[in-house]
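Open the model in your viewer and keep the sequence panel beside it. The tour below says what to select next and what is there.

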Amino acid sequence: MDRHVVGSVTDIPPGGRKIVTVKGRQIGIFRIGDEFFGLINRCPHQGAPLCSGEVVSRLVAPSPGDYRLTRAGEMIRCPWHCWEFDIRSGQSLCDPDSVQVRSFDVAVEAGNAVAEGRFIAERVEVSVEERYIVVTV
Amino acid sequence: MNVTVLDRKPDRSAQTHMGFIDCDVHPYVKGPNDFDPFLSKRWLEHKRTIGGRSRQGLAKTPMYPRMSPGSGMRMDGWPKGGGHPGSDLPLMREQLLDLFDVAYGLLAPLVGGAGGERNLEFGAAMATAVNEWQLAHSCDPDPRLLGAVQINAEYTEAAIAEIEKRAGDRRFAQVNIPPRGLEPLGRRRYWPILQACAANGFPVSLHLGGTSGHASTGGGWPSFYHEEHPSYVQTMQTLVTSLVCEGVFEQIPNLKIVLVEGGFAWLPALCWRLDKHWKQLKAEVPHLKRAPSEYVHEHIWVTTQPIEEPERPEDMLSTLEWIGPDRVMFSTDYPHWDQDDPRYAFKIPLPDDWKRKIYRDNARALYTLD
Ligand code: FES
């Protein structure tokens, strides 16, 4: 496992995402507030480019007609058959116990740590003032 | 679901899906005027000033969920240069035809509104226009794409004329009839059309969709798209039952029917029920010389998408066996949101000879393709 610098935090605004390629894998990096999450860009159902789907809320209804929008912007909906997954965990909305998207550990590191540390950042220019998104693959 | 599909590798055993025949591909118009070159002045003017009149009360209510914009399209199916999914041949090649080395793609154009048009003469004119459009925009530029003759089944003479006009043109593989008609398809009013299809060597494909003006379920109008989608199964069941019970297959012994996009796991159970009742009610339908299931097996083909995903994946094998692996044909439904990927659609490996039949040989035999 290596830690790869995939961009600066300013590359992805809150609510945004960026699809990066690390070790030949496409990974969607999602930003929710100031937290970052990584999911493989491949739907567990039939392999669609999952991370290009729509970012949506989780709609729950404790009983018919009683609707609550929760977890705004924390679900990703597959661009093909619309299965929804929790961006934070990769868990499927309908079948959380057995269907999951592979997720990757994503952290934010300060520029000076990145400049000195053991990171792989060949495609990213690192400056000490910036903060960087680091994904472990 | 009791298995995680996350780690499933695509079914690469000999890549059997490669070179498959796709029995449901949707071409789409680039713009609203695509059909105009193929309409006479009289009908062009009609289209511009009066327009279509479908058999749907709330004409602007979309039939498909909006969560996949463009009437339920695969979100990565939108051409970068603009236009609608299915309208851009290079993208269709990239995402389907070349990607899987598709041998043939059977077109199901759900555009033009010919089949459900209430103004029958306009419906007939639009059917002709959509047929010409298929040739010009799909079949001629990419001969892998085979057209489906559009007709308006309520206008018998024009429908037969259109079928006869296309007969022998190998660019057309079959005749499309909307499954939701004014009456069940087995009724005598439709026999001359079905006869013309059979006489001219065209299987009849019934692709789900459209509106008939009747409630979409036998029990009334459903509230949700989630209910609407399985209601197409009821439609297909009605058609199969009607075609069998009316004696259509006795009357037209060489008629071949393809059920497209209506699922298939329900078919064995319907046959069991029809057979049971036939034993009890034979006196009412003495024209049925054989058990209903025999007519079904001889005359009806099904396409796979949207494929059933049984909780125990191995149940798929029994289902296919009950229907007969010689009657099932693979389809993607590209570029719709619920399309199936030939690599992943079956959640269980199929025996090799079944795969060859389902991905290729059944369609090749039915449509007499090389
Ligand atoms: S491929 Fe993602 S939901 Fe089917």
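Helices (H or I, at least four residues) and strands (E, at least two) are DSSP runs, numbered from the N terminus. This is a predicted model, in which local features need pLDDT of at least 70 and side-chain atom pairs count only at pLDDT 80 or more, while totals for chains, interfaces and linings use all residues. Residues are numbered from 1 along each chain as its sequence is written, chains are lettered from A and ligands numbered from 1 in the order in which they are written, and side-chain values use heavy atoms, with hydrogens and water left out.

**Stop 1: two backbone angles in chain B**

Select Glu261(B), in the loop between strand S6 (257-260) and helix H9 (266-281) of chain B. Glu261(B) is not a glycine, yet its phi is positive, about 70°. Most residues other than glycine have a negative phi. Is Glu261(B) buried or exposed? Glu261(B) is buried, with a relative accessible area of 6%; buried means under 20%, exposed over 50%, and partly exposed in between (1.4 Å probe, protein chains only).

Asp101(B) is partly exposed, at a relative accessible area of 47%.

**Stop 2: two cis peptide bonds**

Select Gln305(B) and Pro306(B): the peptide bond from the former to the latter is cis, with omega near -10°. Pro306(B) sits in the loop between strand S7 (300-303) and helix H11 (315-323) of chain B. Then select Tyr334(B) and Pro335(B), joined by a cis peptide bond with omega near 0°. The loop that holds Pro335(B) runs between strand S8 (328-329) and helix H12 (352-366) of chain B.

**Stop 3: a helix pair**

Select helix H5 (residues 156-166) and helix H6 (residues 191-199) of chain B, which pack at an angle of about 5° with their axes 9 Å apart. Axes are lines fitted to C-alpha atoms, for helices over the stretch in contact, and angles run from 0 to 180 degrees between N-to-C directions. H5(B) and H6(B) are therefore roughly parallel, a term for angles under 35 degrees.

**Stop 4: a sheet in chain A**

Move to chain A, where 6 strands form an open antiparallel sheet in the order S1-S9-S8-S4-S3-S2. Two strands pair if DSSP finds at least two bridges between them. Strand S1 (3-8) and strand S2 (17-22) of chain A stand at the edges, each with a single partner strand, so one side of each has no neighbour in the sheet. Finish at Ser8(A), which stands opposite Tyr132(A) in S9(A).

How values were computed
Parallel < 35°, antiparallel > 145°, perpendicular 65-115°, else oblique.
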